[in-house]
Amino acid sequence: MPVLTFREALNQAMAEEMERDPNVYLMGEEVGYYNGAYKVSQGLMERFGPERVIDTPIAELGFAGVGVGSAMVGLRPIIEMMTFNFSILALDQIFNNAAKLRYMSGGQFQIPIVFRGPGGAAHGLGAQHSQCLDPWFCNVPGLKVVAPSVPADGKGLLKSAIRDNNPVIFIESEVAYGFKGEVPEGEFLVPLGVGEVKREGKDVTIVAWSKMIHVALDAANALAEEGIQAEVIDPRTLRPLDEQILITSVEKTNRCVIVEEGWPYAGVGAEIAHRINMHAFDHLDAPVLRISSKDVPMPYALNLEKDVMPNAQKVVAAVKKVLYI
Amino acid sequence: MAVKVTMPKLSDTMTEGVIVKWIKKEGDNIEAGDVIAEAESDKATMELEAFDAGILKKIIVKEGGKVPVNGTIAVIAESDEDISGLLKELKSAPQKPHVEEVSTKEVESTTIASAPVVDNTPQDEILTRDSIRIKASPLARKMAAEKNLDMRKISGSGPGGRIIKRDVETVLAESGVKPSLKPSGPAVIPAGGEDVPLSTMRESIAKTMVLSKQTTPHFYLTTEIDMDKVVETRLAINAIQSGIKISYNDIIVKAVAVTLKKHPRVNGSFAGDKLVLHGRVDIGIAVALDDGLITPVIRNCETKSLGQIAIEIRESAKKAKDRKLKPDEYTNATFNISNLGMYDIDQFTAIITPPQAAVLAVGVVQKKPVVKDDEIVIGHRVRVTLSCDHRIVDGATGALFLKDLKKLLENPLGLML
């Protein structure tokens with residue numbers, strides 16, 4: 001199986017879907033002539049032309065709205081947010097139009113649109129450009145939210161997202177664009193709403209997604225050296241959430257630690273903890289713990305940034321706490 | 001003015017204390033700072049000092065009694081003061097630990113409804129323990145309920161004394177019950193039936209048992225043993241809080257080992273043209289697994305202390321369940337013991353594992369009406385059945401072994417010799 005970087009896997013997904021369906025097009029800031037700020041759209045303009053790979057002005061609300069409008073009349077837009085920090089400007093279109101029109105039109109309109117781009121912190125980008133907005137989108141009925149952690153999932157989920165007839169928020173990671181992994185060639189779909197066990201274990205369930213999977217796996221490796229077998233679960237899609245995979249795992253391990261990049265208050269991890277509490281209460285031997293970023297705007301200084309973010313040590317400590325060791 | 005003397009929190013993790021000894025007695029004059037008693041926390045025994053002066057009017061928690069932190073252990077008052085009102089109040093309002101405002105009723109409905117109390121706790125203890133808000137993880141609660149364990153008798157090792165999975169497992173291991181998290185509903189088998197391939201273990205059990213039943217002439221001897229003193233002894237040993245909890249099974253294993261030493265044929269093997277008598281007593285303990293069983297061996301039992309045997313049984317049972325036993329840890333026993341007491345079996349007959357000469361099947365230690373000094377009283381009894389290989393053990397040989405075993409268990413102090 002070919003080994004691709006995350007950005008190549010995403011690029012392949014878009015190219016294959018654009019090849020397959022002429023209604024699919026890509027729009028965003030610098031996606032065309034510049035080949036994308038993070039080179040995810042490398043070569044697409046050359047291949048599909050400026051009519052299907054459209055450079056926009058710096059006007060997120062505007063091009064998000066154009067995207068929603070085009071989806072209403074039958075196109076399948078992929079709207080790239082250079083980063084999801086900029087999507088905040090487009091939230092009115094995303095929340096009020098993309099998410100609601102199908103419902104408010106009694107099903108007369110479908111909005112098959114994907115908003116994609118990197119979310120979360122990279123390195124030293126400061127408070128306004130280092131935000132994990134997963135919970136914002138997850139809170140809105142009408143949206144699906146996807147957060148892939150490895151290149152293969154990136155490809156398979158993006159293809160499914162493009163084919164989905166509902167608005168999908170597809171949150172990538174800037175630091176993960178260079179991550180490499182085996183990616184199946186050609187038609188490879190990962191269904192939305194289906195999680196995956198990234199590592200099997202019996203002692204504790206660690207739930208993580210996006211780049212936090214790698215923090216979770218690092219922690220699991222460190223724990224394995226101490227004889228603790230952690231099971232790492234990647235829900236992959238945050239909404240709709242694969243409850244069953246979480247419950248099955250917690251029923252086996254009796255304890256759970258959730259690792260998320262976002263802020264602690266009202267985070268996605270809080271929702272996951274709630275679901276586990278609801279459906280696996282009698283299987284819990286310890287409270288579900290969450291490791292999130294600290295409850296502060298992201299500091300610019302790299303040492304402080306590191307301190308704010310989740311890391312393997314913090315996860316290991318939480319795991320030991322739920323194991324009472 | 002009358003003041004209540006309460007059990008102080010002597011360590012961070014202490015939730016209850018035991019009065020080891022009263023230094024002062026009722027009616028003694030007390031000065032503030034006097035050592036009035038010795039109390040034992042979960043960590044150590046410490047002296048309790050009085051904070052108030054007066055007369056020690058009433059000792060509420062007797063020596064050996066347990067009380068939650070902040071529970072009243074005594075009342076100090078003026079010599080002529082009437083404390084009957086206060087005593088009444090103490091009797092009617094069960095002692096509450098800490099500051100948690102949980103009514104007794106609530107405690108009952110939330111924590112022990114599904115875990116019936118098995119034995120009759122003395123009245124004193126109920127006064128002090130019933131009202132404790134039991135902290136337990138949901139899983140621990142569920143496990144305890146499934147096994148009918150009384151949560152009040154389980155000590156919690158989690159934060160703030162929370163009872164967690166491992167605490168319930170410890171109790172289950174001590175009583176020999178195999179914890180099972182599998183739903184107890186019927187197994188789902190397709191209507192047309194199902195063929196299950198044999199596991200290696202199942203294959204080996206099948207082979208050995210058939211070989212044994214076809215080639216070993218079994219006969220069986222059953223006797224009922226008075227366990228009253230074993231029950232007492234076990235409580236006394238476990239009250240020492242040495243860190244080792246002793247189960248009935250541990251005591252039976254030790255007693256069997258001591259008895260086998262005196263009955264080498266029961267500990268021997270029939271080897272075709274000769275009898276083999278072993279110089280060692282290596283006892284195999286049957287441990288049930290999900291599919292099958294295994295008998296980890298406790299070596300040289302006759303030379304080991306009860307505590308040592310208890311620890312080794314615990315460790316090897318855990319290894320057995322984790323499937324981590326090495327072959328030399330479950331082979332070459334000279335005698336096997338199979339205990340189904342935890343499944344409430346009165347008595348049963350076990351199949352001898354060749355080339356052993358015998359196996360002891362142990363039932364449940366149960367309370368029953370017994371005749372003692374021509375009175376019908378409640379006693380503890382256990383029924384054991386010895387399966388013997390008639391080629392090496394005759395009826396009288398086996399009977400004498402059981403007689404000695406019975407004598408030892410009925411006077412367990414003999415185990416110290």
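Predicted model: local features only at pLDDT ≥ 70, side-chain atom pairs only at ≥ 80, totals over all residues.

Reader: OK, chain A to begin with. How many helices and strands in its secondary structure?

Author: Chain A has twelve helices and 14 strands. It runs to 325 residues, and 53% of them count as buried.

Reader: And the contacts between residues at least 6 apart in sequence, what share joins residues at least 24 apart?

Author: In chain A that share is 78%.

Reader: What's the strand order in the open sheet of seven?

Author: Reading across chain A, the order is β3-β2-β4-β5-β7-β6-β12, and the pairing is mixed. On average, neighbouring strands there are turned by 20° against each other, ignoring direction.

Reader: Which strands stand at the edges?

Author: Those are β3 (53-55) and β12 (237-239) of chain A. Each has a single partner strand, so one side of each is left without a neighbour in the sheet.

Reader: How does β3(A) pair with β2?

Author: In the parallel sense, over three bridges, with β2 of chain A covering residues 24-28. Within that pair, L26(A) sits opposite V53(A) of β3(A).

Reader: Which helix lies across β2 and β4?

Author: Helix α3 of chain A, residues 60-72. Its direction is at about 165° to β4(A), which spans residues 76-80.

Reader: Now β7(A). Is it largely enclosed or open?

Author: Largely enclosed by the rest of the structure, because six of the six residues in this strand (168-173) are buried. Both faces are covered: V168(A), F170(A) and E172(A) are buried on one side, and I169(A), I171(A) and S173(A) on the other.

Reader: Which strands does β7(A) pair with?

Author: One is β5 of chain A (residues 114-119), parallel to β7(A) over six bridges. There, P118(A) is opposite E172(A). Another is β6 of chain A (residues 144-146), also parallel to β7(A), over three bridges. In that pairing V145(A) faces I169(A).

Reader: Switching to helix packing: at what angle do α1 and α7 of chain A pack?

Author: About 25°, with the axes 8 Å apart; α1 covers residues 6-20 and α7 covers residues 151-163. Angles under 35 degrees count as roughly parallel, so α1(A) and α7(A) are roughly parallel to each other. Their crossing is right-handed.

Reader: What residues make that contact?

Author: From α1(A) they include F6(A), L10(A) and M14(A), and from α7(A) they include P151(A), L158(A) and I162(A). The residues in this contact divide into nine nonpolar, two polar and four charged.

Reader: What about the contact with chain B, how many residues from each chain?

Author: Nine residues come from chain B and eight from chain A. On the chain B side, helix α4 (residues 138-146) gives the most, with four residues. The chain B residues touching chain A split into four nonpolar, three polar and two charged.

Methods. Residues numbered from 1 in each chain as written. Chains lettered and ligands numbered in written order. Helix = DSSP H or I, 4+ residues; strand = E, 2+ residues; numbered from the N terminus. Buried ≥ 20, exposed ≤ 12 C-beta atoms within 10 Å, placed from the backbone. Contact = placed C-beta atoms within 7 Å. Nonpolar A, V, L, I, M, F, W, Y, C, P; charged D, E, K, R; others polar. Pairing = 2+ DSSP bridges. Axes fitted to C-alpha atoms, helices over the stretch in contact; angles between N-to-C directions. Parallel < 35°, antiparallel > 145°, perpendicular 65-115°, else oblique. Left-handed = near helix turned anticlockwise from the far one by under 90°.
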